[in-house]
Amino acid sequence: MGSSTRRPTRVCWVGPAQAAPQLKAVLEAESWDCVHSESPAGVLRQLRSETATDLVILAPDQCLDPYLELCRNVKFDGRTAHLAVVFVLATDLVDQRLSAYEAGTDDCIPGSATRRELLLR
């Protein structure tokens, strides 16, 4: 029995590009269909209106609150609850990962994670 790993069809990445340069490099190298938004505003409406996305990556650079709100809205809405939500947290935000889990995130990854760790998680 082999295990098959299904790659995401579309990744919705939310956050400033400079917040997670390693993440940006991995996404580009993997040639995933990525939709990038600099801020959480309007992303929920987009996720509700289309069905191709199966992974939402939240990469805040400073204020976590709008990202936590987006995560809650995604995970506690029947139309989008099936989406995987992963936070990539900058070093100075890692201590706030419990807040991310309380908001419903599936995983939290430090922004300093290696390429391999980003792909595995």
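**Charged side chains of the protein chain.** In this predicted model, the protein chain carries 13 positive and 16 negative side chains, and the centres of these two sets lie 5 Å apart. Lys and Arg count as positive and Asp and Glu as negative, while His and the chain ends are not counted; each charge is placed at NZ of Lys, CZ of Arg, CG of Asp or CD of Glu. Local features need pLDDT of at least 70 and side-chain atom pairs count only at pLDDT 80 or more, whereas totals for chains, interfaces and linings use all residues. Residues are numbered from 1 along each chain as its sequence is written, and side-chain values use heavy atoms, with hydrogens and water left out.

**Helices and strands along the protein chain.** Five helices and five strands make up the secondary structure, and from the N terminus on they follow the order β-α-β-α-β-α-β-α-β-α. Helices (H or I, at least four residues) and strands (E, at least two) are DSSP runs, numbered from the N terminus.

Thr53 belongs to strand E3, which spans residues 53-58. Thr53 counts as buried because its relative accessibility is 3%, where buried means under 20% relative accessible area, exposed over 50% and partly exposed in between (1.4 Å probe, protein chains only). Leaving aside residues up to four places away in sequence, Thr53 touches Arg10, Cys12, Leu47 and Leu83, a contact being heavy atoms within 4.5 Å.

**Burial and contacts in the protein chain.** Of the 121 residues, 43% count as buried. Among contacts between residues at least 6 apart in sequence, 60% join residues at least 24 apart.
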